[in-house]
Amino acid sequence: MDSSALPTPIKKRSTSLSGYLAVGPGLLWLTILLAIPCLSLVAMALASRGQYGEVVWSFSLENLRRLIGFGLFGWSPDLFYILLRSLLLATITTLLCVLIAYPLTFHMASRRPSIRVFWLILVIVPFWTNVVVRSYGWLLILGPQLPPARLAAFLGFIPPGSALYPGTLAVYLGMVTTFLPFMALPLYASVERLDREILEAARDLYANPFLVFWRVTLPQTTPGLSVGIIMTFVPAMAMFVVTDILGGAKYMFIGNLIQQQFSQARDWPFGAALSLGLMILTLLSLGFRRLKAPGQKDPFPL
Amino acid sequence: MVAQINKSFGNHHVLRDVSLAVSKGEFFTLLGPSGCGKTTLLRLIAGLELPDSGSIFLGGQDVTTVPANKRQVNTVFQSYALFPHLNVLENIAFGLKARKVDPVTIKHKVDRMLETLRLSDLSKRFPSQISGGQKQRVALARALVNEPNVLLLDEPMSALDPHLRTQVQAELLELHRQIDTTFIMVTHDQGEAMFMGGHLAVMRDGQMVQMGTPREVYSRPKNKFVAEFLWGANILLATRDGDRMMTTLGPLKTDDQVSWSQGHLAIRPELIVLEDELARPKDNLVRAKVIQAIYRGASVELLLDPGPVKVVTSPRFNPQPGETVSLFIPSADLVALEGQAA
């Protein structure tokens, strides 16, 4: 049998001076904007708060202790709850985005090219609007005088004359509309490249619609899906604007906590430690990207 | 099998009252230029499209509205449509797994299929790691392992190198001989349709034009389209004058029944007999001037005036351009085509 079709390994190029020069600007960029801030974050996390909220540059593991839940009065589950709440919010938001993005991107990809552009614009434009503005927009839409709230009142879900916010529905409406573009755009890139004939082949080979999705569509769109999940999940973990505005600031999320440390609490070192913790969580979630369909090229190589 | 099928996409009427009967175990070929609706017809049989009207029967059962995944029909797609994330083995096992066949049977059937199509060494490779010919065999194996009643092949050779095609065509015929599955193949290649030997149907603009054995369709084309599409016959415009057809070549006789007063006659280039010199006068003997003579090795191709008429003859003849030759056009081979000419 001929083996000429086997992929030949790409030859490794020897690194030379010109190679270093070529990556130089990028390296400089990464050093200034990524490496140095990250290192100072670590340094800050290992410092502590002075009496008047100033940063005291003495090495201390106090913040890491606080990070795992030990406070002034011993261990408390508060931080753990906050983390869990943020995780839950981010997970549900991501899940909802996936559920909406699949039909949406399939619909988009099956349109004529000119109409596809229109749909892409529809998805992208909200993403250009500031999240605070958008959340206040939802407040208006969900206000007591408008049809959504009236309908809910008519059906008996809320007392007459009240608004649909603050509440879970409002929060998830805000969250999903904020993060949908982050899910839909990378997924669209995968769905658009999906070979429709392969889906037909699966149908032809006795697969019912569920099996077609599970055994063909999903593995073929994993690259876009995993990028979408990361791009939704990670910022959703740190989100506090939407939950504050549409959720009535009743519950604390990681994002609120970090924001507090840098403002009201004036405890930058603990804020830094919290951010660091969130970053580590993010990096762990990047490991998820290893799930990649072997046959499909990764459209977003990291 | 397929009765009175109509199908439109938007304003485009792709199939018009198409009917087709294929007997069990046959190798049937649908032949037509691209855009004639043959692939759509195949997709309707597969269940990947629904007809606007008409019915589809498989083994006497009406399957018109049965979804693709519940039809005992499998397809070899033009691009093969192998699952890129599955290896050869998993690709072939897909259909059996989807039908929840027990793993032991799956393994047995897949192994036998791998062997039949000489794919055993490639079972762990992914589609991106095998050649076009190998992909085609995987696509065939993936369809045939399900033991379908009908195997549909959508231009299965079009993605192959020309030198591979003849070999693969022979292999396909051999495979068909071994199993009793009905094969329906779509192609735009006349040679391929002829080679496969079974019945063929010529389609044009969503309509069936002619059906029959390759010999029938080739030697007795029904109309101008079929005559030209199958290796371009000579078409002569003729006016009827009693039993004589007046053409640019001169008066000719045909054995066919002629229904028009003015219409077209067709004669295959290789059925025109070139006479060395004027023999005894007889019917259907005409004279023409050589415009071009092409030596093909096994044959000589002449382009003659008036006409231009093409003649394929033995390389024994060596007429030069400008020379006048005599042609005998056998009345039995002169086909009267349907349709009155304007």
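P306(B) sits in the loop between β17 (300-305) and β18 (309-313) of chain B. The peptide bond between D305(B) and P306(B) is cis, with omega at about 0 degrees. This is a predicted model. The predictor assigns the complex an ipTM of 0.77 and a pTM of 0.75.

**Confidence**

- Chain B has an average pLDDT of 83, and 94% of its residues score at least 70.
- Chain A has a mean pLDDT of 80, and 87% of its residues reach 70 or more.
- In chain A, residues 1-12 stay under 50 in pLDDT. The model gives this stretch eight contacts beyond four places in sequence.
- Residues 292-302 of chain A also have a pLDDT below 50. This stretch has 28 contacts in the model beyond near neighbours in sequence.
- Where pLDDT is low, the predicted coordinates should not be read in detail.

**Contact between chain A and chain B**

- Chain B puts 26 residues into the contact, and chain A puts in 24 residues.
- On the chain B side, two or more residues each come from β6 (73-76) and α2 (88-98).
- α2(B) gives the largest share of that side, with three residues.
- By class, the side of chain B that touches chain A holds 13 nonpolar, ten polar and three charged residues.

**Domains of chain B**

- Chain B is assigned two parts: domain 1 (2-219) and domain 2 (224-340).
- The centres of domain 1 and domain 2 of chain B, taken over C-alpha atoms, are 39 Å apart.
- Eight residues from domain 1 of chain B and five residues from domain 2 of chain B make up their contact.
- On the domain 1 side of this contact in chain B, β9 (200-204), β10 (207-212) and α7 (214-219) each supply at least two residues.
- That side of domain 1 of chain B has five nonpolar residues, two polar and one charged.
- P306(B), the proline of the cis bond, lies between β17 (300-305) and β18 (309-313) of chain B.

**Helix packing in chain B: α2 and α4**

- α2(B), which also contributes to the contact with chain A, packs on helix α4 (residues 132-144) of chain B.
- Their axes lie 7 Å apart, at an angle of about 30 degrees.
- An angle under 35 degrees counts as roughly parallel, so α2(B) and α4(B) are roughly parallel to each other.
- α2(B) and α4(B) cross in a right-handed sense.
- From α2(B), the residues in contact are V88(B), N91(B), I92(B), F94(B) and G95(B). They meet V138(B), A141(B) and R142(B) of α4(B).
- This contact of α2(B) with α4(B) counts five nonpolar residues, two polar and one charged.

**Helix packing in chain A: α3 and α7**

- Helix α3 (residues 78-109) and helix α7 (residues 168-193) of chain A pack with their axes 7 Å apart. The angle between them is about 45 degrees.
- α3(A) and α7(A) are therefore oblique to each other.
- The crossing of α3(A) past α7(A) is right-handed.
- The contact of α3(A) with α7(A) includes 21 nonpolar residues, two polar and one charged.

**Helix packing in chain A: α8 and α9**

- The axes of α8(A) and α9(A) cross at roughly 140 degrees and come within 10 Å.
- α8(A) and α9(A) are therefore oblique to each other.
- α8(A) and α9(A) make a right-handed crossing.
- α8(A) brings I198(A), L199(A), A202(A) and R203(A) to the contact. α9(A) brings V212(A), R215(A), V216(A) and T217(A).
- By class, the contact of α8(A) with α9(A) has five nonpolar residues, one polar and two charged.

- Which residue is found in the loop between α8 (196-204) and α9 (209-238) of chain A? That loop holds Y206(A).
- Y206(A) has a phi near 70 degrees. This is a positive value in a residue other than glycine.

Conventions: Residues numbered from 1 in each chain as written. Chains lettered and ligands numbered in written order. Predicted model: local features only at pLDDT ≥ 70, side-chain atom pairs only at ≥ 80, totals over all residues. Axes fitted to C-alpha atoms, helices over the stretch in contact; angles between N-to-C directions. Helix = DSSP H or I, 4+ residues; strand = E, 2+ residues; numbered from the N terminus. Parallel < 35°, antiparallel > 145°, perpendicular 65-115°, else oblique. Left-handed = near helix turned anticlockwise from the far one by under 90°. Nonpolar A, V, L, I, M, F, W, Y, C, P; charged D, E, K, R; others polar. Domains from an automatic or database assignment. Contact = placed C-beta atoms within 7 Å. pLDDT = per-residue confidence, 0-100.
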